[in-house]
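Please look through the sequence and the model below before reading on.

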Amino acid sequence: MKDEKKQQHITSIGGQAVMEGVMMRGPHNTATAVRRPDGEIEVKVEETGTKKHGKFARLPIVRGCVNFIDSLVIGMKSLMWSAEFVDIEADEGEEESKLDKWLENKFGDKLKDVIITISVVIAVIFSVAIFMVLPWLLSLALDLITDSNLIITAAEGVLRMAIFIGYLAIISKMKDIQRVYEYHGAEHKTIACYEAGEELTPENVKKYTRFHPRCGTSFLLIVMVISILIFFLIPPFTFVENIVLRKLLALAVRLCLLPIVAGISYEAIKLAGRSTNKCVKWLTKPGLWMQRLTTREPDESQIEVAIASMKPCIPDDKEDDKW
């Protein structure tokens, strides 16, 4: 077993589930595959791979921030393309609204880029509000009980983790989301099959687990843990007499540190993905457990879609997609 693990090809190819499909991103290409309403698979391939950036963007810590932003933008593009395609039959015959016409006249060919930019900004604001500002606000009540910065920061971290897990648990109950999670499982199983060196066929892919150590869910969990550790280092700013200003300053510093948190978290998951150390593997277990909320077992048709998105991303030289 040890020899097999050493020979396993750990790939940097990753992706996400979209509406009725999967997006995969390799070193040179990004491919999105969607199951059309007529049953056929439509594949869109773009040259937006992970190696398109310069040397600076591939430096440790920096690459984590760059990768996070890229993932948001490319992921949103793929999601919008898949949603637009899946709804194509339902939209046939519908008259274009006045707002749609105005937007097209105003922005022309750049309309989609504008919508994607706005969507990413809204997604970031929503995430920061729910997972950063809300726990911070709730933890302020502890000021009435204790003046210990350590206790308040720890409570804030616990609240952030509870909100994150609760959010995942709630949306996992939604029927439409459950289908997306099935494609998420197909993505993981396909990557695992490729890493094992087997031919990408539905029969082979089925054999592998839907839980993967380099999943975005695991990354977000690591972000939560790293943020708690880093925020412990933020001083209480007792030199500021006004308590409201003091708390707002602490929040502003937390928000400014988010890129560093993302960068360190990326390095942590990169290390965990390469390591065969039992201690490291044990530390990745919580991320795998969380994937029970964000993945479902896919059927054969969904696996076919994941394979279709994976193949255009596999480079001729396997050193190019080495993790």
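The points below go through strands, cores, a helix and aromatic rings in turn.

This is a predicted model, in which local features need pLDDT of at least 70, side-chain atom pairs count only at pLDDT 80 or more, and totals for chains, interfaces and linings use all residues. Residues are numbered from 1 along each chain as its sequence is written, and side-chain values use heavy atoms, with hydrogens and water left out. Helices (H or I, at least four residues) and strands (E, at least two) are DSSP runs, numbered from the N terminus.

- A hairpin of four residues joins strand 2 to strand 3, and Arg-25 has Thr-30 of strand 3 as its bridge partner.
- Strand 3 also pairs with strand 4 (residues 41-46), again in the antiparallel sense, over six bridges; Val-34 stands opposite Glu-42, and Ala-33 stands opposite Val-43.
- The hairpin formed by strand 3 and strand 4 has five residues between them, and Gly-39 in the turn has a positive phi of about 95°.
- In a regular strand the side chains alternate between the two faces of the sheet.
- Both faces of strand 3 are covered, with Thr-30, Thr-32 and Val-34 buried on one side and Ala-31, Ala-33 and Arg-35 buried on the other; here buried means under 20% relative accessible area, exposed over 50%, and partly exposed in between (1.4 Å probe, protein chains only).

**Nonpolar cores**

- A nonpolar core is a set of buried Ala, Val, Leu, Ile, Met, Phe, Trp, Tyr and Cys residues joined through side-chain atoms within 4.5 Å.
- The largest such core has 20 residues, and those with the most contacts inside it are Ile-13, Met-24, Leu-200, Val-205 and Met-310.
- Another core, of 13 residues, lies apart from it and includes Phe-231, Phe-237, Val-240 and Ala-250.

**Helix 13**

- In helix 13 (residues 285-294) the buried residues are Gly-287, Leu-288, Met-290, Gln-291 and Thr-294.
- Seen down the helix axis, these buried residues fall within an arc of 155°, so they line one face of helix 13; the arc is that of the directions from the helix axis to the C-beta atoms.
- Trp-289 and Arg-292 are exposed on the other side of helix 13.

**Aromatic rings and charges**

- Rings of Phe, Tyr and Trp (its six-membered ring) pair if their centres lie within 6.5 Å, and planes under 30 degrees apart count as stacked, over 60 as edge-to-face and the rest as tilted.
- By this rule there are six aromatic pairs, including the edge-to-face pair of Phe-131 and Tyr-167, at 5.6 Å centre to centre with 80° between the planes.
- That pair links distant parts of the chain, with Phe-131 in helix 5 (residues 111-139) and Tyr-167 in helix 6 (residues 149-171), 36 residues apart.
- Phe-131 counts as buried at 12% relative accessibility, whereas Tyr-167 is partly exposed at 32%.
- Arg-254 lies over the face of Phe-231, at 5.3 Å from the ring centre, and the charged end of Lys-270 sits over the ring of Trp-323, 4.3 Å from its centre; the rule is that NZ of Lys or CZ of Arg is within 6 Å of the ring centre and within 35 degrees of the ring normal.

Notes: Two strands pair if DSSP finds at least two bridges between them.
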